[in-house]
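This report is meant for someone meeting the structure for the first time. Please keep the sequence and the model side by side while reading.

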Amino acid sequence: MRRNRLNRRSMLRLAAAVFAIAAAFAPLSAAQAQAYPTKTITIIVPFPAGGTTDILARIVGQYMSTALGQPVVVDNRGGAGGNIGAQAAARAAPDGYTLFMGTVGTHAINAALYKKLPFDHVKDFAPLSRVAMVPNLLVAHPSQPYKTVKELIAYAKANPKKVNYGSSGNGSSIHLSGALFESMAKVEMTHVPYKGSAPAVADLLGGQIAIMFDNMPSALQHVKSGKLRALGVTSAKRSAELPDVPTIAEAGVPGYEATSWFGMFAPAKTPAEVTTKLHGVIVKALNDPEVKKKISEQGAEPHPESPTEFATFIRNETAKWGKVVRDSGASVD
């Protein structure tokens with residue numbers, strides 16, 4: 001009997017110890033969630049500093065830091081079309097201290113472009129809100145002989161494969177904007193992929209490549225300074241920042257349209273109390289006049305929405321861009 005009592009006591013002590021350990025390592029208690037955040041928040045950006053994803057993350061992150069009372073830092077992890085950064089975010093602790101600035105590439109295009117991804121763009125992430133819609137801008141180095149979309153098409157037809165266009169990586173929205181242009185304009189150009197938009201723009205400024213379908217925010221400053229020549233925007237309507245630049249559709253390729261987007265995510269299984277708080281702060285940021293002004297000055301359009309709306313949008317975008325990838329024949333693996 002005494003031995004049985006001892007065994008029971010031992011088992012109870014063991015159970016209590018296990019419970020204590022489990023509680024200590026739980027992602028976030030209700031009290032902790034209410035107090036969140038108590039330390040630095042990191043936003044993983046899956047491309048190098050200086051590109052559109054980075055610019056938008058820093059604009060929103062600055063507002064979040066002030067609103068939440070904690071530092072918000074950007075961690076640039078470029079490579080593999082955004083997959084390296086996305087994988088890191090997907091594997092991060094679901095405690096609200098690691099967020100991810102996703103793109104049309106990481107959360108729509110890559111699912112069709114790569115045969116096997118090291119993450120699931122739906123199951124491994126909790127959508128918080130879309131941040132911005134961004135048209136791409138067809139820009140050329142001023143030394144190139146063409147000044148309009150029609151002149152570019154004529155030159156490309158007369159010189160097959162001789163027009164080099166850069167991108168932020170194979171299968172990125174910037175690459176597929178070029179591939180779609182080739183297909184619809186019936187021209188053959190040469191794609192030159194980079195590990196992000198910033199290094200591609202650097203080579204474009206240096207004249208190593210001829211043109212680029214860059215995201216508006218990272219190209220706009222160079223167009224306004226005269227270092228690059230804008231030929232057309234990829235959206236269905238003209239940009240308010242460059243009202244004199246025609247859409248590619250009206251400039252010579254009817255029906256052409258390709259728009260990029262960016263959104264904030266948390267790792268899946270992040271507590272609802274935390275994601276709700278983060279969503280609220282992000283929406284307030286995107287409705288803040290100063291933040292809206294900064295985003296608009298980049299040629300982007302702020303786009304706050306609910307997590308449910310964002311999730312539905314991602315499903316639709318995955319289907320849309322999957323078809324573009326298949327039709328273009330683009331592949332990485």
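## Two lysines with positive phi

Lys186 lies in the loop between helix H7 (173-185) and strand E6 (190-193), where helices (H or I, at least four residues) and strands (E, at least two) are DSSP runs, numbered from the N terminus. Its phi is near 60°, a positive value in a residue other than glycine, and Lys186 is exposed, with a relative accessible area of 65%; buried means under 20% relative accessible area, exposed over 50%, and partly exposed in between (1.4 Å probe, protein chains only).

Lys161 also has a positive phi, near 70°, and is found in the loop between helix H6 (149-158) and strand E5 (164-167). Because its relative accessibility is 47%, Lys161 counts as partly exposed.

## Basis and confidence

This is a predicted model, in which local features need pLDDT of at least 70 and side-chain atom pairs count only at pLDDT 80 or more, while totals for chains, interfaces and linings use all residues. Residues are numbered from 1 along each chain as its sequence is written, and side-chain values use heavy atoms, with hydrogens and water left out.

The protein chain averages a pLDDT (the predictor's confidence in each residue, from 0 to 100) of 90, and 90% of the residues score at least 70. Over residues 2-6, however, the pLDDT is below 50, and this stretch has zero contacts (heavy atoms within 4.5 Å) beyond near neighbours in sequence. Residues 14-26 likewise stay under 50, with zero contacts beyond four places in sequence. Where pLDDT is low, the predicted coordinates should not be read in detail.

## A cis peptide bond

Tyr36 and Pro37 are joined by a cis peptide bond, with omega about 0°. Pro37 is placed in the loop between helix H2 (30-35) and strand E1 (41-45).

## Packing of H11 and H12

Helix H11 (residues 272-287) packs against helix H12 (residues 289-297) at an angle of about 70°, with their axes 5 Å apart; axes are lines fitted to C-alpha atoms, for helices over the stretch in contact, and angles run from 0 to 180 degrees between N-to-C directions. H11 is therefore roughly perpendicular to H12, since angles under 35 degrees count as roughly parallel, over 145 as roughly antiparallel, 65 to 115 as roughly perpendicular and the rest as oblique.

In this contact, Ala285, Leu286 and Asn287 of H11 meet Pro289, Val291, Lys292 and Ile295 of H12.
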